[in-house]
Each structure stands twice: as C-alpha cells, then as structure tokens.
Amino acid sequence: MAPPHETSAAGSESPVPVVTVDVAAASDLITSAGHRYVDVRTEEEMNKGHLHNSLNVPFMFVTPQGREKNPLFVEQFSSLVSKEEHVVVGCQSGKRSELACVDLLEAGFKNVKNMGGGYAAWLDNGFPINTPPHTMY
C-alpha cells in the first residue's frame, strides 16, 4: 500500500501505474531528498513563474490547431535526466504530468513521480517560486 501522501493510478485507465505525490510531499522530495523537478508546461507557462531549479521539457505545445503532444518529449527528457534518477514531474494541474509519467515509465524511467495538483497547488500552498523580473517601460 502507498504511503498516505502517495496514490497510485494503477486502478485508472493508465497502462502503467503512476505514483502521484501531493505538493507537500513533492516539496520535501525536491528540497530534502535530492529529487530533481521537471516541469512539463509550455515555455510560455514557465515564463510566468516556476519552481526553483526546475528543468523544463514541454509535454505539449500550443498550436493553431490546439494542443499537440511534443513528439520528442521522451528524447528531450532523456537528454537531461537519466533513467535511474529520482524525479518529480509537474505541470499546471497534474494531468499533463501524469500523462508524461506514463510515457516516461513506458520508456524505462524507474523513479518518476507525478506532483498532484501541479503548479497551481504549489502556489496555493505558498511554496517558493521564481517569477520573471518586472520590466519597466
């Protein structure tokens, strides 16, 4: 059985079980347990604010036709993170990062966790972020 701060998506429609941790557990993993944080939001979303020391590999792109999956996501992720590293994956609300975790687990990444609630929950909990500098015109 998963610890109380973790849930498994094994019972959902996901083909592989994704471990989801709440933002408090994610914060502990990132700040104390040496996990890396990879944000799968778009570059535009990241530019509005992000977690300290986060890496960015967009899972989806916004196109004139709508959101489209990044066809190079796993390849780009692999260029930054090894398959053995412990990683917390997040997005705005936790859904894209869950889908990203499925792809990563299927690609052989062993230690990825989804941050439930995403960046929005991180903000709601008052955890520290980096925000872009304000430009004066």
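Trainee: Leaving aside neighbours within four places in sequence, what is threonine 42 in contact with?
Mentor: In this predicted model, threonine 42 is in contact with Asn56, Pro58, Met60, Val62 and Arg96.

Trainee: Where does threonine 42 lie?
Mentor: In a loop. That loop runs between strand 3 and helix 2, and helix 2 covers residues 43-47.

Trainee: Is threonine 42 buried or exposed?
Mentor: Buried. Its relative accessible area is 6%. The cut-off for buried is under 20%, so threonine 42 qualifies.

Trainee: And how far apart are threonine 42 and glutamine 92?
Mentor: In sequence, 50 residues. In space, 9.6 Å, C-alpha to C-alpha.

Trainee: Back up a bit. How many helices and strands does the protein have?
Mentor: Five helices and eight strands. From the N terminus on, the order is β-β-α-β-α-β-β-β-α-β-α-β-α.

Trainee: Two of the contacts you named were Met60 and Val62. Which strand has residues 60-63?
Mentor: Strand 5. Strand 5 pairs with strand 6, residues 66-69.

Trainee: Parallel or antiparallel? And over how many bridges?
Mentor: Antiparallel, over four bridges. For example, threonine 63 has glycine 66 of strand 6 as its bridge partner.

Trainee: What joins strand 5 to strand 6?
Mentor: A hairpin, through two residues.

Trainee: Which element gives the largest share?
Mentor: Helix 1, with three residues.

Trainee: Which residues line the largest pocket, then?
Mentor: Ser27, Ile30, Thr31, His35, Arg36, Tyr37, Leu51, His52, Asn53, Trp122 and Pro128.

Trainee: How do those lining residues divide by type?
Mentor: Five are nonpolar, five are polar and one is charged. Arg36 is in the lining, and arginine counts as charged.

Trainee: Now the whole protein. What percentage of the residues is buried?
Mentor: Of the 137 residues, 42% are buried. Threonine 42 is one of the buried residues.

Technical notes. Residues are numbered from 1 along each chain as its sequence is written. This is a predicted model: local features need pLDDT of at least 70, side-chain atom pairs count only at pLDDT 80 or more; totals for chains, interfaces and linings use all residues. Side-chain values use heavy atoms; hydrogens and water are left out. On a 1 Å grid over the protein atoms alone, a cavity is a set of points where a 1.4 Å probe fits but cannot get out, and a pocket is an open set with protein on both sides within 12 Å along at least five of seven lines; lining residues have an atom within 4 Å of a point. Two strands pair if DSSP finds at least two bridges between them. Buried means under 20% relative accessible area, exposed over 50%, partly exposed in between (1.4 Å probe, protein chains only). Contact means heavy atoms within 4.5 Å.
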